[in-house]
Amino acid sequence: MDSYKDKMKELKETQSNKVKNASIDRGIIIVNTGDGKGKSSSAFGTVFRAVGQGLNVAVIQFIKGSWTTGEMNIFKKFESITHIVSGAGFTWDTQDKEKDILAALKGWEVAKEICRDKDNKFQLLVLDEINLALAYKFLDIKEVVEVLANKPDSLNIILTGRNAPSEVIEIADTVTEMVMIKHAFESGIKAQKGIEF
């Protein structure tokens with residue numbers, strides 16, 4: 001028991017020193033990537049944490065299209081959440097690269113306005129599935145990185161989607177890779193309402 005107490009005492013001291021030494025106060029860039037489930041779900045959890053703290057949030061969804069999702073239904077209930085669906089649908093459904101590019105560009109134009117807003121209307125911007133839009137080259141990676149690098153200090157940004165480009169990973173402050181160990185869909189189980197959409 002004493003060794004546990006000693007370990008926890010040491011851990012507390014280590015954590016306290018880290019907190020004391022963290023002196024930079026600015027919004028961060030978070031990337032959720034990988035082939036596992038949970039990238040968007042994690043971002044949406046952060047959306048509700050931010051709303052709970054009185055922050056204004058913008059969510060721009062690339063790729064996914066206009067099908068009704070649980071997050072879409074709940075976002076409507078909060079005045080502090082601005083939700084924009086910019087995707088034309090999954091690329092394997094649309095099979096129309098030009099349409100997909102135009103849809104991604106529409107969302108990116110809104111994202112640029114938010115990132116360049118000097119009035120700081122939003123404190124959190126979620127760019128859901130933008131990594132995939134970048135991987136498919138629907139957007140110019142150099143422009144995206146430049147805009148992210150010059151965002152207002154008060155703005156936090158979360159980028160989600162598999163295949164995050166190395167340039168995005170490099171500019172990010174926090175990067176999490178979701179790794180698929182097992183997925184119900186691979187076993188033939190249908191997407192579940194409230195879990196997958």
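The protein's secondary structure comes to 8 helices and 6 strands. Helices (H or I, at least four residues) and strands (E, at least two) are DSSP runs, numbered from the N terminus. This is a predicted model: local features need pLDDT of at least 70, side-chain atom pairs count only at pLDDT 80 or more, and totals for chains, interfaces and linings use all residues. Residues are numbered from 1 along each chain as its sequence is written, and side-chain values use heavy atoms, with hydrogens and water left out.

**Overall layout**

- Along the sequence, the elements follow the pattern α-β-α-β-α-β-α-α-β-α-α-β-α-β.
- The C-alpha trace spans about 65 × 50 × 35 Å along its principal axes.
- Of the 197 residues, 39% count as buried. Buried means under 20% relative accessible area, exposed over 50%, and partly exposed in between (1.4 Å probe, protein chains only).
- The protein exposes about 12,300 Å², and carbon and sulfur atoms supply 51% of this area. Accessible areas come from the Shrake-Rupley method with a 1.4 Å probe; for residues, only the protein chains shown count as cover.
- Among contacts between residues at least 6 apart in sequence, 78% join residues at least 24 apart. Contact means heavy atoms within 4.5 Å.

**The sheet**

- An open sheet is formed by 6 strands in the order β3-β2-β4-β5-β1-β6, with parallel pairing. Two strands pair if DSSP finds at least two bridges between them.
- β3 (81-85) and β6 (174-177) are the edge strands, and each pairs on one side only.
- Neighbouring strands of this sheet are turned by 10° against each other on average, direction ignored. Axes are lines fitted to C-alpha atoms, for helices over the stretch in contact, and angles run from 0 to 180 degrees between N-to-C directions.
- Strands of a sheet pair through backbone hydrogen bonds, either parallel or antiparallel.

**Strand β1**

- β1 is mostly covered, with 5 of its 5 residues buried.
- Cover lies on both faces: Ile29, Val31 and Thr33 are buried on one side, Ile30 and Asn32 on the other.
- β1 runs parallel to β6, and 4 bridges join them. Thr174 in β6 is the bridge partner of Ile30, while Asn32 stands opposite Thr176.
- β1 also runs parallel to β5, again with 4 bridges. Here Ile29 stands opposite Ile157.

**Helix α7**

- In helix α7 (residues 141-149), the buried residues are Val144, Val147 and Leu148. They lie on the same side of α7 because they cover an arc of only 100° around the axis. The arc is that of the directions from the helix axis to the C-beta atoms.
- An α-helix has 3.6 residues a turn, so residues three or four places apart point the same way.
- Lys142 and Ala149, on the other side of α7, are exposed.
- The buried residues of α7 pack against β1 (29-33), α5 (97-115), α6 (130-135), β5 (156-160) and α8 (166-171).
- At the start of α7, a side-chain oxygen of Asp140 reaches to within 3.0 Å of the backbone nitrogen of Lys142.

**Ala104 in helix α5**

- Ala104 is found in helix α5. Ala104 is buried, with a relative accessible area of 5%.
- Not counting residues up to four places away in sequence, Ala104 touches Phe62, Ser86, Ala133, Phe138 and Leu139.
- Ala104 and Leu134 are 30 residues apart along the chain, and their C-alpha atoms are separated by 9.3 Å.

Terms used:
A polar contact is a pair of N or O atoms within 3.5 Å; within protein, one must be able to donate a hydrogen and the other to accept it, and residues adjacent in sequence count only if both atoms are side-chain atoms.
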